[in-house]
Amino acid sequence: MSAAVPPVAEGSPPGAVVEEMAREAAVWCALHGLVVGDRANPRSATVPGVGLVHAPFSLLPAHLPESFWRQACELAPIFNELVDRVSLDGNFLQDSLSKTRQVDDFTSRLLEIHRKMMAINKEENIRLGLHRSDYMLDSETSSLLQIELNTISTSFPGLGSLVSELHRTLINHYGNFLSLDPNRVPANAASSQFAEALARAWSEFNIDSAVVMMIVQPEERNMYDQYWLTKHLKESHGVTTIRKTLSQVEAEGQILPDGTLLVDGKKVAVVYYRAGYTPNDYPSEAV
């Protein structure tokens with residue numbers, strides 16, 4: 001439920017309305033879990049429920065022509081297939097990043113691991129990609145331009161879904177001042193859809209006791225975005241998620257003779273990376 005909105009006097013100045021909307025939005029965030037850990041509280045990145053603040057948000061959605069929104073939706077599966085095909089072309093990846101490896105030690109070492117896996121012909125027939133494309137409108141060309149395509153640690157499916165709900169709520173409550181239609185705010189089901197994709201991949205493992213393992217950083221202020229996926233996986237699909245850092249995987253994990261990954265005594269069906277994209281996530285040579 002949303003917090004009750006105090007009555008707004010007819011003819012209130014825009015500034016007063018904006019302040020009231022900001023207060024209402026902050027309450028809504030607290031009630032609905034649109035939160036992150038507070039940088040001012042060191043424990044907020046390690047202990048759930050400590051030092052919560054609302055996540056950064058805009059009071060209203062950005063203006064985006066419907067044609068561009070539909071274009072982005074139509075491009076999504078095409079980009080997904082492109083990323084999948086590139087990921088399967090090991091020689092292309094090695095060649096394309098050959099110059100990068102000469103100047104970046106982190107990339108070089110990742111490529112060396114990749115080369116060794118290619119040498120033993122280690123392949124996976126079942127793959128799952130969770131991607132997010134970021135776009136901006138270019139004012140000079142009036143076109144939609146892709147800023148980046150996230151393929152690892154794709155964040156904010158949980159909180160992003162809530163922002164759409166927040167915007168619809170505010171437009172509903174303050175429609176007299178905004179002249180906006182809440183039904184024009186597209187639904188965002190990224191949180192439940194990410195969980196559904198993870199659950200489908202988990203089902204291919206065909207072991208009911210297996211888990212989804214989320215690789216996380218030791219300190220994570222954005223843990224609640226991740227916990228939304230954990231919630232959907234458990235409540236909608238009956239799938240258990242465990243959270244482990246790479247150091248914990250190294251300490252608690254083992255590879256069984258049949259190739260199964262066992263971590264803390266649990267068989268892992270799917271590994272979902274929300275870490276591993278920065279050298280800081282690898283504290284030792286073992287990981």
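C29 is buried, with a relative accessible area of 0%, where buried means under 20%, exposed over 50% and partly exposed in between (1.4 Å probe, protein chains only). C73 is partly exposed at 41% relative accessibility. The number of disulfides is 0, a disulfide being a pair of cysteine sulfur atoms within 2.5 Å.

This is a predicted model, in which local features need pLDDT of at least 70 and side-chain atom pairs count only at pLDDT 80 or more, while totals for chains, interfaces and linings use all residues. Residues are numbered from 1 along each chain as its sequence is written, and side-chain values use heavy atoms, with hydrogens and water left out.

Helices (H or I, at least four residues) and strands (E, at least two) are DSSP runs, numbered from the N terminus. Two strands pair if DSSP finds at least two bridges between them.

An open sheet has 5 strands in the order β6-β5-β9-β8-β7, and its pairing is mixed. Its edge strands, β6 and β7, each pair on one side only. Neighbouring strands of this sheet are turned by 45° against each other on average, direction ignored. Axes are lines fitted to C-alpha atoms, for helices over the stretch in contact (heavy atoms within 4.5 Å). Angles run from 0 to 180 degrees between N-to-C directions.

Two helices lie against the sheet strands as follows.

| Helix | Residues | Strands | Angle |
|---|---|---|---|
| α8 | 190-205 | touches β5 and β9 | about 145° with β9 |
| α9 | 223-237 | lies across β5, β6 and β9 | about 155° to β6 |

Strands β8 (residues 261-263) and β9 (residues 266-273) are antiparallel and pair over 2 bridges. V263 has K266 in β9 as its bridge partner.
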